Amino acid sequence: MLGNFTYCNPTKLYSGKDSLSHLQTELKKYGKNIVLIYGTSSIKRNGIYDSVLKILKKEDKNVVEIANVMPNPTIDKLYEGIQIARNHKADLLLAVGGGSVIDYSKALFVFIHCGEGPWEKYFIRFDEPDCEIVPVGCVLTMVGTGSEMNTGSVITHPKEKLKIGHVFED
């Protein structure tokens, strides 16, 4: 036995052929400034990108993109995303892709308003967020990691040769 613990998983999941149609309803709960986050060009080839953009435009959202999130997202890519999200005054991070894109978005959600260096704070000391967080929505395109169902994030720091995960509370 691992001892006493509490687990909270406030994830709403839509599954099935028409599940993307629920994105329009969910977007109404958030402000206008959306950061669309995705990996390489696969979502453009398979049509998900166009479908998501159409819904975002229909909901009159201001969208900025963070593209090319790689497998095993890096701290440098994260710092790039922090600046983009801060400049856009993000109300929602919308991850479209698989586990790496979602992990990246979940790391980004605590970093946007964090004044301290996030790598040291969250991935070395494992502190919990004490600053405003930005909600994350996911359009999952590849199953397997379970990243859409938890608050964990794995980030790579190539210069330090580290790949560290942190499961954020709540």
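These notebook entries record what I looked up in a predicted model.

**Ground rules.** I number residues from 1 along each chain as its sequence is written, and I use heavy atoms for side-chain values, leaving out hydrogens and water.

**Strand S3.** Six of its six residues are buried, so S3 is largely enclosed by the rest of the structure; buried here means under 20% relative accessible area, exposed over 50% and partly exposed in between, with a 1.4 Å probe and protein chains only. In a regular strand, side chains alternate between the two faces of the sheet. I found Leu 92, Leu 94 and Val 96 pointing one way from S3, and Leu 93, Ala 95 and Gly 97 pointing the other way.

I then looked up the pairing of S3, where two strands pair if DSSP finds at least two bridges between them. Strand S1 (residues 33–38) runs parallel to S3 and is joined to it by five bridges, with Leu 93 as the bridge partner of Val 35. Strand S4 (residues 136–140) also runs parallel to S3, again with five bridges, and there Cys 138 is the bridge partner of Ala 95.

**Salt bridges.** My search of the whole structure gave six salt bridges, each defined as a side-chain nitrogen of Lys or Arg within 4 Å of a carboxyl oxygen of Asp or Glu. I noted Asp 103 with Lys 106, at 3.8 Å from N to O; these two residues are three apart in helix H5 (residues 99–111) and are therefore separated by about one helical turn. Asp 103 is buried at 14% relative accessible area, and Lys 106 counts as buried at 6%.

I also noted Lys 29 with Glu 26, at 2.9 Å from N to O, where Glu 26 is buried at 16%. In the salt bridge of Asp 127 with Arg 125, the closest N and O atoms are 2.7 Å apart; Asp 127 is partly exposed at 24%, and Arg 125 is partly exposed at 39%.

**Thr 74.** I placed Thr 74 in the loop between strand S2 (62–66) and helix H4 (75–88), and Thr 74 counts as buried at 15% relative accessibility. Leaving aside residues up to four places away in sequence, Thr 74 touches Ile 155, Thr 156 and Pro 158, a contact being heavy atoms within 4.5 Å.

Terms used. Predicted model: local features only at pLDDT ≥ 70, side-chain atom pairs only at ≥ 80, totals over all residues. Helix = DSSP H or I, 4+ residues; strand = E, 2+ residues; numbered from the N terminus.
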